[in-house]
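Please look over the chain shown below. The report takes up single residues and then the chain as a whole.

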Amino acid sequence: MLNTALEIAFWLIGAALALNLIRLLRGPDLTDRILALDTLGINLIALLIVHGMATGSAAGFEVALLLALLGFVATVALCKFLLRGDLIE
């Protein structure tokens, strides 16, 4: 039962990644693209966690944690750049 749920989760997260990639490429505005990039990172984290559950490996969880920290910092930096046009004051 767990294997079926993990397989369904892989397919649904893959579909979400494809839709985020479309929004990233077609986004009419820069803010839409930043939001799509952040959501893409969140979906990649979910995919890594599901992969870690499927394989029983702890390394996937550590990589997911690092990707979450990096994604947060990148999103804050991009939003600050968008608002002020400068990263360092």
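## Asn20

In this predicted model, Asn20 has a relative accessible area of 12%. Buried means under 20%, so Asn20 counts as buried. Asn20 belongs to helix α1.

Neighbours within four places in sequence are left aside here. Beyond them, Asn20 is in contact with Ala36, Thr39, Leu40 and Asn43.

## Ala15

Ala15 also has its place in helix α1, which covers residues 2–26. The relative accessible area of Ala15 is 38%. That value lies between the limits of 20% for buried and 50% for exposed, so Ala15 is partly exposed.

Arg26 lies 11 residues from Ala15 along the chain, and the C-alpha atoms of the two are separated by 17 Å.

## The chain as a whole

The protein chain has three helices and zero strands. Along the sequence this gives the pattern α-α-α. Of contacts between residues at least 6 apart in sequence, 44% join residues at least 24 apart.

The radius of gyration of the protein chain is 15 Å, whereas a compact globule of 89 residues would have one near 12 Å. Along the principal axes, the C-alpha atoms fill a box of roughly 50 × 25 × 10 Å.

## Surface and charge

Of the 89 residues, 17% count as buried. The protein chain exposes about 6,500 Å², and carbon and sulfur atoms supply 74% of this area.

There are 5 positive and 7 negative side chains in the protein chain. The centres of these two sets lie 9 Å apart.

Key. Residues numbered from 1 in each chain as written. Predicted model: local features only at pLDDT ≥ 70, side-chain atom pairs only at ≥ 80, totals over all residues. Heavy atoms only, no water. Helix = DSSP H or I, 4+ residues; strand = E, 2+ residues; numbered from the N terminus. Buried < 20%, exposed > 50% of the residue type's maximum accessible area, 1.4 Å probe, protein only. Contact = heavy atoms within 4.5 Å. Rg over C-alpha atoms; globule rule 2.2 N^0.38 Å. Areas by Shrake-Rupley, 256 points an atom, 1.4 Å probe, with all protein chains shown as cover. Lys, Arg positive; Asp, Glu negative; His and termini not counted. Charge placed at Lys NZ, Arg CZ, Asp CG, Glu CD.
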